[in-house]
Every structure is written in structure tokens, then in C-alpha cells.
Amino acid sequence: MSFEVLTYGFMQRAILTGAIIAILSSVIGLFLVLRRYSLFGDALAHSSFGGIALGLFAGVYPLWTAYGVSILSALIITKIKTRYNISGDASIAVLLSSGIAAGLVIISFSGGFTLDIFSFLFGSILLVSVNDTVVIAALAGAILMVILLFFRQILYSTFNEKQAKVSGIPVEKINYLLIILAGLTVVTSIQLVGVLLISALFVIPNVTAIMYGRSFKQTMFISMSFSVLSVVSGILISYVFDITPAGTIVIFSVALLAITMGIKSAGLLSKN
Amino acid sequence: MLNAVEISNLTVKYPEVIALDDVSFVVKQGDFLGIIGPNGAGKSTLFDSMLGLNTTYTGTIKFFDEDIKKSKTYHKSIGYVPQRPEFENNFPATVSDVVRMALEKKSDENKIDEVLQRLWIHELRNRRIGELSGGQLQRVFIAKALVNDPKILILDEPITGVDQQNIDLFFSILKELNSKNGITIIWSSHDLDAVNKLANHVACLNRTLFFHGESEKFFSDDELVKQYSEASMQEHMHHH
């Protein structure tokens, strides 16, 4: 592979957009993983599939309907969980399957699978336009800004809800905020790896980083680095072998995790 | 002396039981109050109500004359040390990170070092919390409770799983906070001897408040001590 590939506009856009999404999803993902909400991203992505189908069916830009459905599902799942005392994993399972089911029904009505649907299922990072990149960058910037603004509150309520409450942090509101941000992030990330592989972006770099990091910020930084490295490498590898980038991105990040586990087993990492 | 805490006619009813029945007492500023009572006496319910975690009570709870149901800032005057510091064992946070979570003003960053030094755990500041012993963790959580300079420190039976040496250290820290720094302390405990040694006031709780006053008075009244011990013993036997 020569460096010529980096001069192509589509490749520059893919790498830039991919890196932005990598940073965003690893930051949100770290909070979700520590809250034992690892599959939450997956559930939101699957439910947003229903939203995408709805958009395609109604002739609206599918990601907009996906944003709506994703945020709505995030709020519903949280409400159901607390109101009816259903466990976290069960409510995630309900959301996950109902999103796909709704999507399938809508797609069947609109005449079956099209190319569009596949690009949402498996990502289409090489097809992003300048316009897409700008929108994604702006959205990511806004989400990260909100996280920075409420960083202590989100971290504290992730660490221990009860103690955060005692310290005067409005834990319920913070939880809703985080969940809405997760919903926005999931739909934004769909273009990179698609509905089916989103939880990989949320979970794998963080699980890896937790084994290295000492402080919280250090862990977050390591996770972002692994995430960006996986996305950029994955895109380049996929170009060389002419295969779909979603797969190579995720496999690259799994490889980083496997190497880390190897290092840890060899006793080279002293963490618990 | 100011009233640090004023509890009036506090009643908490659960569907099956009355957890607290018409409890009233006052804690003056600078007091060291030991709350004793058997398991299920309502100590946790009392604490949860004072900490704003349970709002389904009748009666009033005031900190420095402020009704906690009407105040949005009362939590600033209290520091809370939980019974068992609960967190994910692999949570990626250092000792400094944990104390920083509680810090109200970002500009007070140097207070973190200050409070860690005060509790002799400054050298642990960059250690990951999952690596600490029970005694060290306990001091980290006291540091966290103290970082905003609270006027009242509330401790929930906080010596489970800590060795004797650390318990002694913990006691001397509490004593110093109370006598030197003038922090009002409310401490729930099973350990009558320790309460006798440390607290200058005792509240004896068993759904109702059956004693509240100077600890000397309580511990010099054999009848009261016996009554408490019996109540506690029955509970103990009931549990085994």
C-alpha cells in the first residue's frame, strides 16, 4: 500500500469521520461499561434500525428518524426498568428485538431489502460526504462539550449512585442525560460500523483500557487512543484487501484486547 | 450552641412495619452522638431520611434550622461515610479521583491533597482504589466526606471488616475531628464500648427513641444498659 491512498478525498473523510466517531463512542462507552450497561448501545442501535426503516419508508432522511427512535427507546427502556422493576439485561433484550422486528415489518411493507438497508446494517464510512463529516463533527463536539460540563456528576453517579445522591447530585436527571447522549452517539456511529457492530466500538476499547489505566482520565485517554487506532487501521486494512471496513475495525480492536489479555496473563500488568 | 440537627416527630411507615415511630431529638453543634440499637431498629431508615435518600417520612428534619425538604443546599453541610464503600472492584479511579468526585468547587483542587495528608493517606493518592485494604479504603471515604469542609459528619456503622490497628486509628481521627475541628459527628454503631469511649451523647433507637442524652448518663444507668443489651441480644438470637 502506498501513501497515495491518503490523498483520496473519500479516504480522508472516512479517516477523519471515523476518528471523531471513535473518540465519541469510546468516551460514552466507558461510562456505559462501568455502569454494566455494555449492551445498551447494541439495544439502541437495533431499535434505531426500526427508525431507519421508518425513514426509508416515509421518504425522510433515515438517520433523522433513527435519532428520534433511538432517543425515545432510551427513555422508554429507562422508565420501564425503574417502573416495572425489570432487570437491565432483560429490558435491553426486549428493546433489541422489538427494534429489529419493527424494522423488518416496515421493510416488508415497503417492498423488501434495498442497498440502503445494507449500508445501515454494516456501515458505509467510505461513502461519507463532506456534509456528513461536518454534521458528525459538530454533533460530536456538542456531545463531548455536554460531557465535559457534567463530567463530575456523570462520573460520580457512575461510581456510586447513592453517594452521589447524598452529595446533592441529581442522579436521575444525570442518568437520563447520559442515556440521551448515548442514543445520539449510537446513531452517529451507525455510519462507521453499522447497526450490527456498534457495541464493539462502545465496549472493546474500554474493556482493554481498563486493564491499563490507573486514573479515570488516563483510562479514558487510553481508550480513545485504542479506538482511533482501531478505526484508522481498520479502514486502511479494508482498503488494501478490498473488504468492508466495519469488520476489520472491530477485528483490529479485538486483536488489541487479545494482546492486552496476553500481556496481563504474562504478569506484565499488575492491575486487579 | 446552635442546633446542628433537629429531628421532630419523625415517623416512617412501610407497608408491613413502622420503621420509625415519632422520633424526636436535637444534636447541638460540636456534639459527638453515638446512635445505638439492634439490627432492624431503624438506624438505616433514620440515616436514609437524614441524607435525603428516603423522603417518605412525616415530621421534620432540620440541619442548622433548614428543613431538608425545602432546602437544596443542605447536603453541603454534611459529609457521609457509608458502611461499606461499594464500587466495582476494577473501577479505573485513583484515590485522588474518588475524593475529587465529591469536591464541589473545581478551584479547590489543593483541598484534595490537604485532606489526604490529614488522614495520612497522601502517599496512596495515585493508587487505584481496588488495590486498597479495608482500613485504607475507610480513610479514603472519610477524606471524601471531609473534602468540602462539612459541619456535620455522618458515619454509618463504619468499622465492619477493618482490623484493630486501623479501628484505633479511625477512632483517634474521629476524636480529633470532633474536638479540634469542631465537626459535629453522628455515628451509628453496634460497639457499646467504643460509643462509651468516644461519644458524649447517645441515642438509643429501637423504632422509637428510648433514650437520648449524655453518654455518661446512659452508661452509668445499669438498668438502661441492661435493657439495651437485652433488646440487642434478643435480636441477635432471632437472627441466628
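A:Phe241 counts as exposed, because its relative accessibility is 59%, and the cut-off for that class is over 50%. Please keep in mind that this is a predicted model. The residue lies in helix α11 of chain A, which covers residues 216-241. A:Phe241 also belongs to a nonpolar patch on the surface, together with A:Ile237, A:Tyr239, A:Val240 and A:Ile243. The accessible area of this patch is about 450 Å² in total.

I turn now to the interface between the two chains. On the side of chain B, 30 residues are in contact with 22 residues of chain A. About 2400 Å² is buried between them, and carbon and sulfur atoms give 57% of that area.

Next, the polar side of the interface. Twelve residue pairs are in polar contact across it, with both residues at pLDDT 80 or more. As for secondary structure, α2 (95-102) and α4 (134-146) of chain B each supply at least two residues of the side that touches chain A. Of the elements on that side, α2(B) gives the most, with five residues.

Let me continue with the charged pairs. Side chains of opposite charge can pair when their charged atoms come close. Between chain B and chain A there are two salt bridges. A:Arg214 forms a salt bridge with B:Glu131, and the closest N and O atoms are 3.8 Å apart. B:Glu131 also meets B:Arg127 in a salt bridge, at 3.2 Å from N to O. Shared partners therefore join A:Arg214, B:Arg127 and B:Glu131 into one network of salt bridges.

Over all chains, the count comes to nine salt bridges. Among them is the pair of A:Lys165 and A:Glu172, whose side chains meet at 3.4 Å, N to O. A:Lys165 is partly exposed, with a relative accessible area of 33%, and A:Glu172 is partly exposed at 48%. Within chain B, the side chains of B:Lys111 and B:Asp108 meet in a salt bridge at 3.7 Å, again N to O.

Conventions. Residues numbered from 1 in each chain as written. Chains lettered and ligands numbered in written order. Predicted model: local features only at pLDDT ≥ 70, side-chain atom pairs only at ≥ 80, totals over all residues. Heavy atoms only, no water. Patch = residues over 30% accessible without salt bridge, like charges linked within 9 Å, V, L, I, M, F, W, Y side chains within 5 Å. Areas by Shrake-Rupley, 256 points an atom, 1.4 Å probe, with all protein chains shown as cover. Salt bridge = Lys/Arg side-chain N within 4 Å of Asp/Glu carboxyl O. Helix = DSSP H or I, 4+ residues; strand = E, 2+ residues; numbered from the N terminus. Buried < 20%, exposed > 50% of the residue type's maximum accessible area, 1.4 Å probe, protein only. Contact = heavy atoms within 4.5 Å. Buried area = accessible area lost by both parts, 1.4 Å probe. Polar contact = N/O pair within 3.5 Å; in protein donor to acceptor, adjacent residues only side chain to side chain.
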